[in-house]
Amino acid sequence: MNFSVWSVLLPLAFVAGLIVLGRVIPSLMRLIDKAVVARVPARSGERLSVPAGRYDLCVEGRTFSADFLGVRYALHDAGGVPVVVRRKVLSRTKTSGMNGSTRISTGWFELARDGELSLSVEGLSAKAEQRAWIVVQRPIGAGIAVRVAALVLGAIATIGGIVGSALVWMPK
């Protein structure tokens with residue numbers, strides 16, 4: 001390619017990268033926010049109305065805190081029967097810099113029919129109860145992976161466009 005083609009393609013890569021970043025970041029935030037089905041304080045006796053389907057069970061609390069260490073929590077259906085929560089590798093799905101909270105998915109469960117679930121929590125300090133939440137959300141791992149890949153590609157295009165343009169336009 002000659003000089004004139006690069007001098008056009010690199011600024012276009014920069015602009016395209018900015019457009020991708022500008023669209024994907026809000027899309028990622030909407031995906032995470034719309035996934036939430038129920039969010040209750042981490043206290044025994046709380047009730048969650050959950051439709052039939054597969055869900056991730058998450059804990060939400062202060063970033064870098066030990067609030068959930070040693071805590072046991074469980075969900076029970078209307079008849080008091082424990083809901084089987086299958087454990088999975090921890091995965092962080094939300095971090096908020098404004099209030100310093102993190103949501104961590106700790107397991108998943110399935111409900112065959114709509115129902116009201118009750119929460120039981122043991123081992124959480126009274127102080128931690130005031131700032132901790134249990135969240136039930138739809139699985140969003142694949143959606144997050146696609147958006148993260150788009151973010152990486154958008155960032156590469158943006159940075160590559162800036163650096164490449166500077167190199168092409170600099171006098172030799």
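Biologist: Is T102 buried or exposed?
Modeller: T102 counts as buried because its relative accessibility is 12%. Buried means under 20% relative accessible area, exposed means over 50%, and partly exposed lies in between, with a 1.4 Å probe and protein chains only.

Biologist: What kind of model is this?
Modeller: This is a predicted model, in which local features need pLDDT of at least 70 and side-chain atom pairs count only at pLDDT 80 or more, while totals for chains, interfaces and linings use all residues. Residues are numbered from 1 along each chain as its sequence is written, and side-chain values use heavy atoms, with hydrogens and water left out.

Biologist: Which strand holds T102?
Modeller: T102 belongs to strand β6, which covers residues 101-111. Strands (E, at least two residues) and helices (H or I, at least four) are DSSP runs, numbered from the N terminus.

Biologist: And which side chain does the side chain of T102 join in a polar contact?
Modeller: The partner is the side chain of T63, at 2.8 Å. A polar contact is a pair of N or O atoms within 3.5 Å; within protein, one must be able to donate a hydrogen and the other to accept it, and residues adjacent in sequence count only if both atoms are side-chain atoms.

Biologist: Let us move to Q137. Where is Q137 placed?
Modeller: Q137 lies in strand β8, residues 133-137. Its relative accessible area is 0%, so Q137 is buried.

Biologist: What percentage of the chain is buried?
Modeller: Buried residues account for 35% of the 172 residues.

Biologist: Changing topic, how many helices and strands does the chain have?
Modeller: There are three helices and eight strands. Along the sequence they follow the pattern α-β-β-β-β-β-β-β-α-β-α.

Biologist: Is the chain compact or spread out?
Modeller: The chain is more spread out than a compact globule, because its radius of gyration is 22 Å, well over the 16 Å that the globule rule gives for 172 residues. The radius is taken over C-alpha atoms, and the rule is 2.2 Å times the number of residues to the power 0.38.

Biologist: What box do the C-alpha atoms fill?
Modeller: Taken along the principal axes, the box is roughly 75 × 35 × 20 Å.

Biologist: Lastly, among contacts between residues at least 6 apart in sequence, what percentage join residues at least 24 apart?
Modeller: The value is 80%, where contact means heavy atoms within 4.5 Å.
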